[in-house]
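Please read it with the structure open.

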Amino acid sequence: MRILRLANSNDFINYVPDEKRSYRYVERALEALTGEPVETIRKPISPAENLPDIVERWINEYSPDIVFLMVNPYWFNYESVPLKLKRKFGRVGAKVGDAGMSAARKPWLADHWWFRKMRYILQATIGGETPHTTTYVLENMEAVIRRILRHEEVHLVVRGSEGGKERPDLPPRVQVRHHARRKEVAEGIERICAELNVAIMSGQTFRPFDKEHKAGDMYHSNEAGHASAGEKEAAFMVAFWRSLYPDEAKSAEAATRP
């Protein structure tokens, strides 16, 4: 079995050993169920006009059995101060903004409490801008989903945005905007999947924000966070596979009994 996992940076960050990342939980669970090896092709994605074309190219190249599409809250909900400066002040702002975004990508900086405190203060005072609007994310994801559904031999699962999650680590006004955008996208993705009859892991399946599940930057998951997400993804994917192939699932389970 081959899974094309349209993922985010959490799947690639060095905080967690590869064998303990969430997608490995899915592989092990499906291998135990089916008795067949499971291969995951991971591809980081971000909304873009050509993203449907890119995804279709990957489908043609890798011939996956399942596409697992992850909707990343960062796209519409991370209020970046450097990005705001870059967009607002042109060339001068671009230099400052690029430097700020580069610093945020360095774990030895981003993991320190003083870096997070400075980010909090800047978000509360200057404010930031998100990489994309909620409207654009929903439109782009619908286009990607529709393109995937053209391939009738491929099964699609969408991991929706975690709509109910609060972020107490953010300034109060940012929290309000953050929650509203999450709710809008969560409900929008669920509506799209319902209209197109697509399986979805809704945000309600995920636990509330827990700093014990976060790496030092408070955005990426640590080992505990990957374990929690991986167990939930694995349970969902096992149930999904059983719904697709109920007879095969019964046969596979019977073959593994002592």
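The points below take up the cavity, the nonpolar cores and the aromatic pairs.

1. Basis. This is a predicted model, in which local features need pLDDT of at least 70, side-chain atom pairs count only at pLDDT 80 or more, and totals for chains, interfaces and linings use all residues. Residues are numbered from 1 along each chain as its sequence is written, and side-chain values use heavy atoms, with hydrogens and water left out.

2. Cavity. A cavity here is a set of points, on a 1 Å grid over the protein atoms alone, where a 1.4 Å probe fits but cannot get out. The count comes to one cavity of 30 Å³ or more, and the largest cavity holds about 60 Å³ of space, volume being the space filled by probe spheres set on the points, which are joined across faces, edges and corners.

3. Lining. Ile-3, Arg-5, Tyr-23, Val-26, Glu-27, Thr-40, Phe-68 and Met-237 line the largest cavity (lining residues have an atom within 4 Å of a point). Strand 1 (2–7) and helix 1 (22–34) are the elements that give two or more residues to this lining; helix 1 has the largest share, three residues. Helices (H or I, at least four residues) and strands (E, at least two) are DSSP runs, numbered from the N terminus.

4. Largest core. A nonpolar core is a set of buried Ala, Val, Leu, Ile, Met, Phe, Trp, Tyr and Cys residues joined through side-chain atoms within 4.5 Å; buried means under 20% relative accessible area, exposed over 50%, partly exposed in between (1.4 Å probe, protein chains only). The largest such core has 30 residues, of which Leu-6, Leu-69, Met-141, Ile-145, Ile-148 and Val-158 touch the most other members. Elements giving two or more residues to this core include helix 8 (134–149) and helix 9 (172–196).

5. Leu-6. Leaving aside neighbours within four places in sequence, Leu-6 has contacts (heavy atoms within 4.5 Å) that include Trp-58, Leu-69 and Ile-148.

6. Second core. A separate core of 17 residues includes Ile-3, Phe-68, Met-70 and Phe-240. Ile-3 and Phe-68 also line the largest cavity.

7. Aromatic pairs. How many aromatic pairs does the structure hold? There are two, where rings of Phe, Tyr and Trp (its six-membered ring) pair if their centres lie within 6.5 Å, with planes under 30 degrees apart stacked, over 60 edge-to-face and the rest tilted. The Tyr-74 and Tyr-78 rings have centres 5.3 Å apart and planes at 20 degrees, so this pair is stacked. Tyr-74 is partly exposed at 42%, and Tyr-78 is buried at 13%. For Trp-241 and Tyr-245 the centres are 5.4 Å apart and the planes at 50 degrees, so the pair is tilted.

Terms used:
1 Å grid on protein atoms, 1.4 Å probe; cavity = no way out; pocket = protein on both sides within 12 Å on 5 of 7 lines; lining within 4 Å.
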